[in-house]
Amino acid sequence: MQKIGMTTTIPVEVIYAAGLIPVDLNNIFVTHPNPQSLVEEAEIAGYPRNLCAWIKGLYATTLQNDDIRTIVAVTQGDCSNTHALMETLEMAGVKVLPFAFPFDRDYDLLKLQMEKLVTAVGTTWEEVTLAKARLEEVRQRVKEMDRLTWQGDRVSGWDNHLFQVCCSDFEGDPEAFASRLDAYLAELPQRDPIKADIRLAYIGVPPIMDDLYDYLEERGARIVFNEVQRQFTMPFDIDDIVEQYRTYSYPYGIFYRLEDITRELERRQVDGVIHYAQSFCYRQIEDLIIRQKLKYPILTLEGDKPNKLDARTRMRLDAFLDILR
Amino acid sequence: MLLCGIDLGSRSVKVALMDPDGGFSFHKFDTVSFYRQHGRAVAGQLQVDFAALGLGVPEKVVATGYGRQTINVKGAEVIPELKAHVIGAIQQTKLSEFTLLDLGGQDSKVVLVARGRMMDFQTNDKCAASTGRYLENMAAVLDISLAELSRHYEHPVDLNSTCAIFGETELIGKVVEGHTTASLAAGVNYTIFKRIKPMLTKLLTDTIVFTGGVANNQALVQIVESEMKVPVVVPEYPQYNGAIGCCAWGMESR
């Protein structure tokens, strides 16, 4: 089966309906044995140094995986850097299908975008509906895993992050992903409870470093809410697929996202919030809105290069936990 | 009991020794030489040869600082850096409500302290252009001492570069334009203030306590005081504030 890349979460039902394998390029990039080498490859090609590492990683990842010759690029609802990413990939011979989440969450516009995608990949709405039912089976289990994260004490923040973030493409094989999750859930009761006296929320795009969750748990704090990762799982129980992607918050404005965030912070009883923003990302500006709107202690983290937390970030995390204690 | 507080900074290692009567003595070492000469890694921990430092053998060691994340000092209790600075500032000034401004070799930190507790903080992130290292570089460009640089705050030249290195080029341009050294030095001091102003504005209280090596810059103290319109308190030992905080914490937790 043919693979199709994606720059962020899109209506993945459409891809499965067409019998194609979706590949979230972000996941391939960040799990590469040496993700920084991909960033450097893009810089050698001419990508600026002072630019989001995700975009650079996506560029080099696409070029290195020559079984991915078509990508769906989110042109609205994500950043404008994606536009130049599309253009440079087109220069390299990659076919790009644009997809736009309408800024005002307009139902008709979103439906039209999805219709165009359905046509572009050569499938039908009937097939899409079947694919949605197929994915719903998996999503229900992910939802249970997320519930156990904040209502129980055995799912680590990292596991919560990882299972949810994988729901953008279900690793190209929803059933295999589901069995892995089933196995995880089955052995959960045997796990040692996580000892943590501080409950945290993580909001913003998924972190580019992979040791944040462990670092916090070693210091007695755990993340019980991963905002955007959870959104990737479409945790809404909505039958209408257009409505589902209209409810999905990540591609829309910060005020709409804050409605979901506020609800979950309250429900999950968190002590503090970590707002992560990628270096050079426009979402860093939105931090000032978040700080005004959320009545919680907030630590803003900035991540640049892939891999590990740097010394400054660790110092700031320590200080934040100190404030919360 | 001899208590030893160590602040492992990026430019220097500061040691405060507290004797049983509560009296302090202070010692400063260049960071790189300190690691080369006095410390060696044993099982991933830094073992400090106190005897060779000539400081006596302390009964208890409390450490903090930038190096704390990379190096665990063997046998020492390690506390978070901002905590050490807040405790040090409280110990030195006896204040409990203030905005702490700490400017070190590579760090700028602003902490809101209320009822003797850290309530919020801001730090510089990806860039160290508002720190002591920048002042050292700029003094070198102007061919004056840090002490001389620290005297000037009037008629500053306007410097705008985001990058500290490009700032050197910009400063050289101003030299060519014929500005006086006093104006150039004042301009350099003002650039530091411009960088920290947003952080100070967000966390401002009625008093600013200014610590770290850069607090020895009298011009900057003047600038912060006149621009922020609140009194600036520089404690007696601004550079040893973190080390003093370590000692104070060690006393408390005995």
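The model is predicted.

Two packed helices are described by the angle between their axes and the distance between the axes. Here α7(A) spans residues 125-151 and α8(A) spans residues 157-165. The helices pack at an angle of about 160°, and their axes are 10 Å apart. Angles over 145 degrees count as roughly antiparallel, so α7(A) is roughly antiparallel to α8(A). Their crossing is left-handed.

Chain A also holds an open sheet. Four strands pair in parallel, in the order β6-β5-β7-β8. Strands β6 and β8 of chain A stand at the edges with a single partner strand each, so one side of each is left without a neighbour in the sheet. On average, neighbouring strands are turned by 30° against each other, direction ignored.

| Strand of chain A | Residues |
|---|---|
| β5(A) | 198-204 |
| β6(A) | 221-226 |
| β8(A) | 298-303 |

Five bridges join β5(A) to β6(A), and the two run parallel. A:Arg199 has A:Arg222 in β6(A) as its bridge partner.

Next comes the contact between the chains. Chain B gives 13 residues and chain A gives twelve residues. On the side of chain B that touches chain A, α3 (81-93) and β11 (117-123) of chain B are the elements that give two or more residues. β11(B) gives the most, with four residues. By class, this side of chain B has six nonpolar, three polar and four charged residues.

Key: Residues numbered from 1 in each chain as written. Chains lettered and ligands numbered in written order. Predicted model: local features only at pLDDT ≥ 70, side-chain atom pairs only at ≥ 80, totals over all residues. Pairing = 2+ DSSP bridges. Axes fitted to C-alpha atoms, helices over the stretch in contact; angles between N-to-C directions. Contact = placed C-beta atoms within 7 Å. Nonpolar A, V, L, I, M, F, W, Y, C, P; charged D, E, K, R; others polar. Parallel < 35°, antiparallel > 145°, perpendicular 65-115°, else oblique. Left-handed = near helix turned anticlockwise from the far one by under 90°.
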